[in-house]
Amino acid sequence: MEDRPRPRILLLSAYRADSHAAWAHWLTRTFARFEWTVAELPGRYFRWRIRGNPLSWLDAAWPEPDAIVATSMVDLATLRGLRPELATARALYYFHENQFAYPLGERQKPYLEPQMVQLYGALAADQVVFNSRFNRDSFLDGVAELLRRMPDALPAGVPERIAGKSRVLPVPVRPIAPDPAARDPGLIVWNHRWEYDKGPDVFADAVLGLAARGADFRLALLGPRPAQAPEALERLRRRLGGRIVVDGRLPRAEYEATLARAGIVVSTALQEFQGLAVLEAVSAGATPLVPDALVYPEQVDAGFRYPAGDAGALTALLAEWLNGGAPPPPDVSAWTETALRDPWGEALESLAGSG
């Protein structure tokens, strides 16, 4: 009996950020029973990328797919219209984030088109998948609010249509082995992008307040940063330089080793749809201290959360943990590759079949 051909899946990632790339690599490596074609565009020029990706892929030569997996940066509705051979393939639309809940920077103005791209993409897809309940709920709430502003000719039940074909499947985290022998309870890790949406000013205010209290701690300042260091990072370098043991983006092995010896990992994010950096650090044995907002209430108990944006409250909890000992890290095994392999496999099988 001849072997059946493997179902062909076209994976479209229109903005190749680090987490998007890791997710795509995990899917294609883990589910080799499908024949994957991966098309990615660099993670830059956001406004052009989210609206222009159908043009970028207008003449791309792809094997005709049995199914499509597209990130929510892909203008799926337009792409399927411009390329009719894609219109009949079942499509899964994956939300790493959504543009309704993404905070604006100081110089940014509200921009409708990214929201419409994601709304049309969700309507055009057969399955809509989110990496967290927060992501799903904030998207559906945003859609409802947007449509309340539409003056007329509005179809009924748009959010409900999307909700009816939606589910939550996080990006799987590969756990990092803790290193109890090297654990430094006073090492505080910041492992996020040094950009406005991660709230670095709140972090800087909090740890400077911690130093003013005379607390004994050290800092590992990880994560990508722009060529010109942000003001928050410069403040920490000027005033706490002697406490900074790592300052920069590390090779993967060194990054994991740093997380494996950290005592505390902090987030001050203004947007977080899954929080992979915190989940990685917690898997390595660090105790998280995160805002009481965004995705975090569905991941950790209230004892690991502080009022969002409150640098004073963050300072107070850090001081308490440093003086009396941090609580043990919570269990984040539900977000790991082991826990999520089967749910993801089931979603792909229902999308593309087994051939």
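Modeller: Let's start with a word we will need: a residue is buried when its relative accessible area is under 20%, exposed when over 50%, and partly exposed in between. The model here is predicted, and of the 355 residues of the protein, 53% count as buried.

Biologist: Thanks, that helps. What makes the protein as compact as a globular protein of its length?

Modeller: First, the inventory: the secondary structure comes to 12 helices and 12 strands. The radius of gyration is 22 Å, close to the 20 Å that the globule rule gives for 355 residues, so the protein is as compact as a globular protein of that length. Along its principal axes, the C-alpha trace spans about 65 × 60 × 35 Å.

Biologist: What share of the contacts between residues at least 6 apart in sequence join residues at least 24 apart?

Modeller: That share is 75%.

Biologist: On to the sheet with the order β9-β8-β7-β10-β11-β12. Why are β9 and β12 said to stand at the edges?

Modeller: The sheet is open, has 6 strands and is paired in parallel. β9 (244-247) and β12 (305-306) each have a single partner strand, so one side of each is left without a neighbour in the sheet.

Biologist: How do you know that β8 and β9 pair?

Modeller: Two strands pair if at least two bridges are found between them. Strand β8 (residues 218-221) and β9 have 3 bridges, in the parallel sense, so by the cut-off of at least two they pair. Within this pairing, Leu221 stands opposite Asp247 in β9.

Biologist: Arg218 is also in strand β8. Why is Arg218 called partly exposed?

Modeller: Its relative accessible area is 23%. Buried means under 20% and exposed over 50%, so Arg218, at 23%, is partly exposed. Leaving aside neighbours within four places in sequence, Arg218 is in contact with Asp184, Gly186, Leu187, Ile188, Arg243 and Val245. His25, by contrast, is 193 residues away along the chain, and the two C-alpha atoms are separated by 34 Å.

Biologist: Which residues of helix α9 are buried, and what do they pack against?

Modeller: In helix α9 (residues 252-261), the buried residues are Tyr255, Thr258, Leu259 and Ala260. They pack against β7 (184-190), β8, β9, β10 (262-266) and α10 (276-283).

Biologist: What makes the phi of Tyr45 and of Ala153 worth a look?

Modeller: Most residues other than glycine have a negative phi. Phi of Tyr45 is near 55°, a positive value in a residue other than glycine, and Ala153 has a positive phi of about 55°. Tyr45 is in the loop between β2 (35-42) and α2 (46-56), while Ala153 lies in the loop between α5 (133-148) and α6 (158-164).

Biologist: Are Tyr45 and Ala153 buried or exposed?

Modeller: The cut-off for exposed is over 50%. Tyr45 has 57% relative accessibility, so it counts as exposed. Ala153 has 70%, so it counts as exposed too.

Biologist: Last one: why can Leu82 belong to a nonpolar patch on the surface?

Modeller: A patch takes residues with over 30% relative accessible area. Leu82, found in helix α3 (residues 76-82), is partly exposed at 44%, so it passes the cut-off of over 30%. Leu55, Leu58 and Leu82 form the patch, with about 280 Å² of accessible area together.

Technical notes. Residues numbered from 1 in each chain as written. Predicted model: local features only at pLDDT ≥ 70, side-chain atom pairs only at ≥ 80, totals over all residues. Heavy atoms only, no water. Patch = residues over 30% accessible without salt bridge, like charges linked within 9 Å, V, L, I, M, F, W, Y side chains within 5 Å. Areas by Shrake-Rupley, 256 points an atom, 1.4 Å probe, with all protein chains shown as cover. Salt bridge = Lys/Arg side-chain N within 4 Å of Asp/Glu carboxyl O. Helix = DSSP H or I, 4+ residues; strand = E, 2+ residues; numbered from the N terminus. Buried < 20%, exposed > 50% of the residue type's maximum accessible area, 1.4 Å probe, protein only. Rg over C-alpha atoms; globule rule 2.2 N^0.38 Å. Contact = heavy atoms within 4.5 Å.
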